[in-house]
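Here is a briefing for a reader new to this structure. Please look over the sequence and the model first, then read the points below.

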Amino acid sequence: MSGALSLTVGGATHAGQVRENNEDCYLVDEQAGLYGVFDGMGGHHAGEVAAAVARDAVIAALAAVEGDVGRDEISAALRRASAEVFAEAERRKARRGMGTTAVLCKRVGPRTLLLAHVGDSRGYLLREGRLQQLTADHTIVAELLARGALDEDEARSHPYRAVLSRNLGSQAETRPDFRDVELQPGDRVLLCSDGLSGYASDQAIEQTLGGATDAAAAAKELVDLALKGGGGDNVTVVVVIAGKRAVPRRTQIIRTSGAAAWWERRETFLDHARSHGMAASPICSVLSEEEAIAIVAGNLCEAVYRDLEQTTGIHTWTYGENLTAGWLDQDGDFDVLRRLLDDLAAAAGAVVADIQSSDEHTGALLSVAVPRALLVADMAAANVLAKHLRQVESAIGQVDAVRARSASLTESVTVPLEVPRVDPPPPEVVACLDAALEEASHGAGGGERPREDSVVADCIARAHKAAREHGGRLDGLMAARELLGTGAHGELAVAPLLDALDRARALHVSAIKRAPGGAEVKAAAARRVLVAHRLLCCGTAHVVVDSGRPIADSLREATESIVQLRRRVVDNEQKLTGLERRFQTQPGWAPPGGRE
Ligand code: CA
């Protein structure tokens, strides 16, 4: 690896939750590549003065250096800062004894930072998610601990744990410690006062520093972390993030290279779609092959392009929605749509593979982004289908309700379809029935609707036959099937048939009343005729309910499809989430500088 790493830097400081004034300050000079944190101490706002004097002295001293800045120059700058703070303290009694810490970071090479510190302000490096402390505190207790004179527990509770063994300003002289940091892309360097390290755990710092999106946000989040941890001291943070020079954001990479690479291969995509036989899909049946390719495949290609360019999913969603709605509105089969979408996805996959073979980086981008766009189209299709199925579902609900109401009729027949044999009618009843047939048939004719009239006449004749020749017995089902299937209507038309049955019964009964014979004879004839008509009616009802059963069954199958579809939608959503996660973490996508 070679070449300079770009650095992005952000700083933040806060007085904390307890103290009224902020004696910390920080330094971010991007032009000089100089960053630092100072934590001042001393009464009557002297700490603020000490930190500011030291900071300004360091800036001035390093600005005056001709040539390269290294350890000697930084040592000299810190000594000068210490001398200036000391001199300032000497000038005013109230400022006696004031001092400050300093942790500095200076860019000294294309990839090298030089870290210097005095006091207990710290430097950390976060590399590949792991936080390591680069500085050793200059405190009495830390030195005792290092010499083995104290253990960790004793150090934590030691009364002098905040007493510095080195600082800038309490004496004119000072001696910094140094450390070189060879940066790798993605490294994050943290400088902070003890207001952070004393109020946030290493683990919390590690997570916050690693998870932040940029240096300024990281600095602010770390300050917030200390405040949440109590904020018992001033807290100051500078974050340096090392990245590649001039690396565009991920979205820009997709915009500029991914979308362009995809669009450049538009013809290849259309060729693949053609060779997958896409134009043969019934969805394209009204289009010529070239129209099908240009419209169905071409529009998808464009939708994907726009979504890549704009980093949205709206165009592929609209594509999926329109395609599906158009197809389902023609009562199209979902399997056909599924096959078409699969063919298009296969064509897109071939294009992505093609791009990948010539440009690995862009190919890697597109291997996630394009399937994601197609998945969005899929989900839009599923959404439209779900809407359609919801309508079917409510129709099923209605059919089920009707079936439930009619179940008592169909499953436990209250009127037997076959009545017990009765004696054949005596001759005078037969004469009455025959006379009534003639009159009733005559009444059925001459209406405004000859076809209906003939059904009425048919019903009367069948009822008469049952009443006269079979002693009131009639195969109602058979008769009903005949009436429905081969009657004058020639098709299943239930309502007109029921009307005809009503009319036939009325005509037949009133004809019996007018027929020759005594009251007893007429009553016997009427009873036979009514039984016969009732059997015809029951038979018809039975046939109607029975003929509805296959429709109800197919609706039931549709319910199962809905359940399967829902499962598919859930699966797709999970897939999408997975892809988005990959989209976030795809190696080679993120600029080597890490999250930008
Ligand atoms: Ca402090």
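**A helical salt bridge**

R505 has a relative accessibility of 32%, so R505 counts as partly exposed. This is a predicted model. The partner of R505 in a salt bridge is D502, with N and O 3.5 Å apart. The points below start with this pair, then turn to the other bridges, the metal, the spaces and the whole chain.

**The D502 and R505 pair**

- D502 is partly exposed as well, at 38% relative accessible area.
- Both residues sit in helix α17, which covers residues 494-514.
- D502 and R505 are three residues apart in that helix, so about one helical turn separates them.

**Other salt bridges**

- The structure holds 22 salt bridges.
- One of them joins R71 to D180, and the closest N and O atoms of this pair are 2.9 Å apart.
- R71 is partly exposed, because its relative accessibility is 39%.
- D180 is partly exposed too, because its relative accessibility is 45%.
- Another bridge pairs E302 with R306, at 3.1 Å between the closest N and O atoms.
- E302 and R306 share helix α10 (residues 289-310) and stand four residues apart, about one turn of the helix.
- E302 has a relative accessible area of 29% and is partly exposed.
- R306 is partly exposed at 31% relative accessibility.

- Is S75 buried or exposed? S75 is buried, because its relative accessibility is 13% and the cut-off for buried is under 20%.
- Beyond its neighbours within four places in sequence, S75 is in contact with P176 and F178.

**The calcium site**

- Which residues coordinate the calcium ion? D39, D194 and D233 do, through OD atoms, and D39 is listed with two of them.
- The coordinating atoms lie at 2.3 to 3.1 Å.
- Along the sequence, the donor residues follow the spacing D-x154-D-x38-D.
- D39 and D233 come from distant parts of the chain, 194 residues apart.
- D39 is in strand β3 (residues 34-41), and D233 is in the loop between α7 (215-228) and β11 (235-244).
- Both D39 and D233 are buried.

**The largest pocket**

- The largest pocket holds about 1,000 Å³ of space.
- Its lining has 36 residues, and those closest to the centre are D120, R122, D137, R161 and D194.
- D194 is also one of the residues that coordinate the calcium ion.
- Five elements are named as giving at least two lining residues each: β3, β7 (122-127), α3 (140-146), α4 (152-157) and α5 (194-197).
- Helix α3 supplies the largest share of the lining, five residues.
- By class, the pocket lining has 14 charged, twelve nonpolar and ten polar residues.

**The largest cavity**

- How many cavities of 30 Å³ or more are counted? The count is one.
- The largest cavity holds about 50 Å³ of space.
- Its lining residues include F334, R338, D378, R568 and N572.
- Elements that give two or more residues to this lining are α12 (334-358), α13 (360-411) and α18 (519-585).
- Helix α18 gives the most to the cavity lining, with four residues.
- The cavity lining divides into six nonpolar, three charged and one polar.

**The chain as a whole**

- The chain has 18 helices and eleven strands.
- The chain has 596 residues, and 44% of them count as buried.
- Among contacts with a separation of 6 or more, 73% join residues 24 or more positions apart.

Note on methods
Residues numbered from 1 in each chain as written. Predicted model: local features only at pLDDT ≥ 70, side-chain atom pairs only at ≥ 80, totals over all residues. Heavy atoms only, no water. Salt bridge = Lys/Arg side-chain N within 4 Å of Asp/Glu carboxyl O. Buried < 20%, exposed > 50% of the residue type's maximum accessible area, 1.4 Å probe, protein only. Donors = N, O, S within 2.8 Å, 3.2 Å for Na, K, Ca; no water. Contact = heavy atoms within 4.5 Å. 1 Å grid on protein atoms, 1.4 Å probe; cavity = no way out; pocket = protein on both sides within 12 Å on 5 of 7 lines; lining within 4 Å. Points joined across faces, edges and corners; volume = space filled by probe spheres on them. Nonpolar A, V, L, I, M, F, W, Y, C, P; charged D, E, K, R; others polar.
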